[in-house]
Amino acid sequence: MKEILSGADLHHFAESLIQEVNTLGEAQEIISRAVSFVADKLHIGRVLVMLDTPPSVFDLKGTKETRVVYAGFRGYDAEPIERRFSLVNNGSLQLAWYPIKGHSWSDDEKRYLEIVMDYIYLKGLGVRVGELLSRSAFVDSMTGANNTQKLMQYGTMLERSRRLPEFVALFENIKNFRYINRFYGDRNGDYILKELVRTIYFSLSAEELIVRLGGDNFVVLVKKQNLDAHLELLSNLKIRLQHAGLEQDVEIQMRCGIYHPAPGDQVGDLLMCSSAALQYAKHMVGEQIVYFKPSMLEYSIRAKEVSVLFPKAINEREFEAFYQPKVDLKTGALCGAEALVRWRRGGIIVPPGDFVPILEQEGTICTLDYYMLDLICRDINRWRRDGLEPVPISVNFSKLHLHESNFAERILSIIDENSVNHSDIEVELTEESGYEDFAALSEFIDTMNANGVATSIDDFGTGYSSLNIVKNLHTNVIKLDKSFLDNIRTEKEQESDVTLICAVIKLVKDLGMEVLAEGIELPAQVEFLREQGCNKAQGYFFDKPLNEIEYRKRLLGKRIYSL
């Protein structure tokens, strides 16, 4: 091969490429200077670099660009020599070399050009590998979102430049993701997370971030002026996936805790306050988007305390059953009771509102529900041993149980292990249970009916599926929510209130179920319900929830209430 480039020329060319760079943009400048060392002797008029890297977990958008890395002043011919190289992650680097105008490369010159191209390819490959390694330190390897390290780095930069107040921090997660994951399977669950990240990522500006903290928990930093647009995006999220051989759209409901940083805030403040707002959103029924208030920090601390103390409280049997009597509205007779959980901690009774929503959100409420059923069965056994005849006790169960494959079997097992009659127990679930998983609720009720265990639907009228429940579920009792009756026989009563209650009572009874009214406090409410043929009622008009000792006295007494 005829010597066109001396050893010194190649040395200068190669040495100029050795400089450390971090991005392909910086590499362009290095390559341009390197080519200038050999351009005259090789008659190079123009050099193009075409980079094509597909989207990946480390680069969600991918790259497709063409850069001029060298342009001589003598012009160039239109016919280039092109060469394509493979890069990591299925990418490619294509080089196009144009001779100066009027020059045709000899075979020897072409061989030297190939050597030069190899050097440039190795440089591009090294930069690409370095970029991916650099990004991998800041990227969640499953979804391609940024990770906590990136959030801390970027947030600290904004903090030092006093720009944090330009942004809003949103702590986000998917409502009921564990059940979506269980229903559609882990693979589809992962796919949903990836598509969620992609959807949000492509909606963000260059200065905004989406960060995955783990599971389905994310932190998103958006500019203040873009907050409304981001919330609008979250309100209409649907992800199409393959399930059971069919394509279907899965509606994704997001919960958000939102915090507007104040001057002087640090990154940790963003996480703490937005997280506290999200925790509040999780525990407040119907609230999906919550803006931070200082009082929420106390709530967050209490939630963590409940979570830590709960296992010990279960082991040491700190939870007790309080019983609220149910009354037959025809006779005034005690006809049943609802068991309500109370937590006796350090001699003080903790009301259920302070711990039940927290346990519900964590899923540990299921452990408490089975504990309470066992406790109630023990009480029923003790009453019988003492010569008392119990009335049926209704036991509350969370909607979360409907996602357990052995829910009905566990209930029957606990009843049988305690040698309690099936007719002594009534299982109570909320109307919301049917809204979230009607098929599972229907199957569960049918199993209970087949085994002689009564069921009731609590909080009827507060959800969205009321008529569907009345029409299609073979439950024994429908419990009218207190809100139905709050205005009855008061100055606020409207004709529509009366019409609605009368219609519901008639409909439920015509379908062969009993109606029980909750939260009865006034004699006029009792009179109205009796006139309409309501079967049963409970509330402070008759009795407050009673501890076991006080409730035992009701079983010992005449068991008749004044109507």
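Guide: On a 1 Å grid over the protein atoms alone, a pocket is an open set of points with protein on both sides within 12 Å along at least five of seven lines, a cavity is a set where a 1.4 Å probe fits but cannot get out, and lining residues have an atom within 4 Å of a point. This is a predicted model, in which local features need pLDDT of at least 70 and side-chain atom pairs count only at 80 or more, while totals for chains, interfaces and linings use all residues. Residues are numbered from 1 along each chain as its sequence is written, and side-chain values use heavy atoms, without hydrogens and water.

Visitor: Which residues lie nearest the centre of the second largest pocket?
Guide: The second largest pocket holds about 520 Å³ of space, a volume being the space filled by probe spheres set on the points. Its lining has 22 residues, and those nearest the centre are Arg135, Asn146, Lys150, Tyr201 and Leu209.

Visitor: How many charged residues are in the lining of the second largest pocket?
Guide: Two or more lining residues come from each of helix H3 (107–136), helix H4 (148–160) and strand S6 (209–214), where helices of at least four residues and strands of at least two are DSSP runs. By class (Asp, Glu, Lys and Arg count as charged; Ala, Val, Leu, Ile, Met, Phe, Trp, Tyr, Cys and Pro as nonpolar; the others as polar), this lining has twelve nonpolar residues and four polar ones, and its charged residues number six.

Visitor: At roughly what angle do the axes of H12 and H14 cross?
Guide: The contact (heavy atoms within 4.5 Å) joins Phe407, Ala408, Ile411 and Leu412 of H12 to Phe444, Thr447 and Met448 of H14, and by class it has six nonpolar, one polar and no charged residues. The axes of helix H12 (residues 407–417) and helix H14 (residues 438–450) come within 9 Å and cross at roughly 30 degrees.

Visitor: How is H11 placed relative to H12, and what is that arrangement called?
Guide: Tyr370, Leu373, Asp374 and Cys377 in H11 meet Phe407, Arg410, Ile411, Ile414 and Ile415 in H12, a set of seven nonpolar, no polar and two charged residues. The axes of helix H11 (residues 365–385) and H12 come within 9 Å and cross at roughly 25 degrees. Because angles under 35 degrees count in this way, H11 is described relative to H12 as roughly parallel.

How values were computed:
Axes are lines fitted to C-alpha atoms, for helices over the stretch in contact, and angles run from 0 to 180 degrees between N-to-C directions. Angles under 35 degrees count as roughly parallel, over 145 as roughly antiparallel, 65 to 115 as roughly perpendicular and the rest as oblique.
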